[in-house]
Amino acid sequence: MNPINEVHVRDPGLVVLDVAAADDATAPAFQHLLADRWATATAEHTIRDAGEPGVRLRCYLDLRQPVGSDDSAHVPPQVFTEVQR
């Protein structure tokens, strides 16, 4: 995977998530669950690293912008306070 770009984590509530999974169906399924809950820039395909088991993908989340219709999709502000420390 490429290094994380500073712009993707410059503010509290921005998350870069590297996912490792057993196969090409599991990682995107997990990513889809995240996208149902938060504003997410999704990866279009998984990556296989030579000599490493499974597949990987990277997605970017903005926890400040919940998109789920459920009120529980809102992340409390104290999460962002903890991230800043």
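These legends describe close-up views of one predicted model.

The model is predicted, so local features need pLDDT of at least 70 and side-chain atom pairs count only at pLDDT 80 or more, while totals for chains, interfaces and linings use all residues. Residues are numbered from 1 along each chain as its sequence is written, and side-chain values use heavy atoms, with hydrogens and water left out.

**View 1. The chain and its confidence.** The chain holds 2 helices and 3 strands. Helices (H or I, at least four residues) and strands (E, at least two) are DSSP runs, numbered from the N terminus. From that end, the elements run β-α-β-β-α. Mean pLDDT is 77, and 75% of the residues reach 70 or more. pLDDT is the predictor's confidence in each residue, from 0 to 100. Over residues 71–85 the pLDDT is below 50. Beyond near neighbours in sequence, this stretch has 15 contacts in the model. Contact means heavy atoms within 4.5 Å. Where pLDDT is low, the predicted coordinates should not be read in detail. Among contacts between residues at least 6 apart in sequence, 60% join residues at least 24 apart. Buried residues make up 24% of the 85 residues in the chain. Buried means under 20% relative accessible area, exposed over 50%, and partly exposed in between (1.4 Å probe, protein chains only).

**View 2. The largest nonpolar core.** A nonpolar core is a set of buried Ala, Val, Leu, Ile, Met, Phe, Trp, Tyr and Cys residues joined through side-chain atoms within 4.5 Å. The largest one has 10 residues: Val19, Ala21, Ala27, Leu34, Trp38, Val55, Leu57, Cys59, Leu61 and Leu63. Strand 1 (14–21), helix 1 (26–37) and strand 3 each give two or more residues to this core. Strand 3 gives the most, with 5 residues. Ala21 is one of the core residues. Not counting residues up to four places away in sequence, Ala21 touches Thr26, Ala27, Gly54 and Val55.

View 3. Helix 1 has 12 residues, which at 1.5 Å a residue should span 16 Å. The expected span is 1.5 Å times one less than the number of residues. The end C-alpha atoms are 17 Å apart, which agrees. Ala27, Gln31 and Leu34 are buried in this helix. These residues cover an arc of only 55 degrees around the axis, so they sit on the same side of helix 1. The arc is that of the directions from the helix axis to the C-beta atoms. Pro28 also has its place in helix 1. At 30% relative accessibility, Pro28 counts as partly exposed. Pro28 and Thr42 are 14 residues apart in sequence and 8.6 Å apart in space, C-alpha to C-alpha.

**View 4. Thr46 in its loop.** Thr46 lies in the loop between strand 2 and strand 3 (55–66). Its relative accessible area is 19%, so Thr46 is buried. The side chain of Thr46 makes a polar contact of 2.3 Å with the side chain of Asp24. A polar contact is a pair of N or O atoms within 3.5 Å; within protein, one must be able to donate a hydrogen and the other to accept it, and residues adjacent in sequence count only if both atoms are side-chain atoms. Leaving aside neighbours within four places in sequence, Thr46 is in contact with Asp24, Ala27, Pro28, Val55, Arg56 and Leu57.

**View 5. Asp18 and Arg58.** Asp18 lies in strand 1, and Arg58 is found in strand 3. Their side chains are joined by a polar contact of 2.5 Å. Arg58 is buried, with a relative accessible area of 13%. Asp18 is partly exposed, at 42%. The C-alpha atoms of Asp18 and Leu57, 39 residues apart along the chain, are separated by 5.8 Å.

View 6. Trp38 lies in strand 2 (residues 38–41). With a relative accessible area of 16%, Trp38 is buried. The C-alpha atoms of Trp38 and Gln65 are 6.1 Å apart, across 27 residues of chain. Arg64 has its place in strand 3. Arg64 is partly exposed, with a relative accessible area of 40%. The side chain of Arg64 makes a polar contact of 2.8 Å with the side chain of Asp62. The C-alpha atoms of Arg64 and Ala39, 25 residues apart along the chain, are separated by 8.2 Å.
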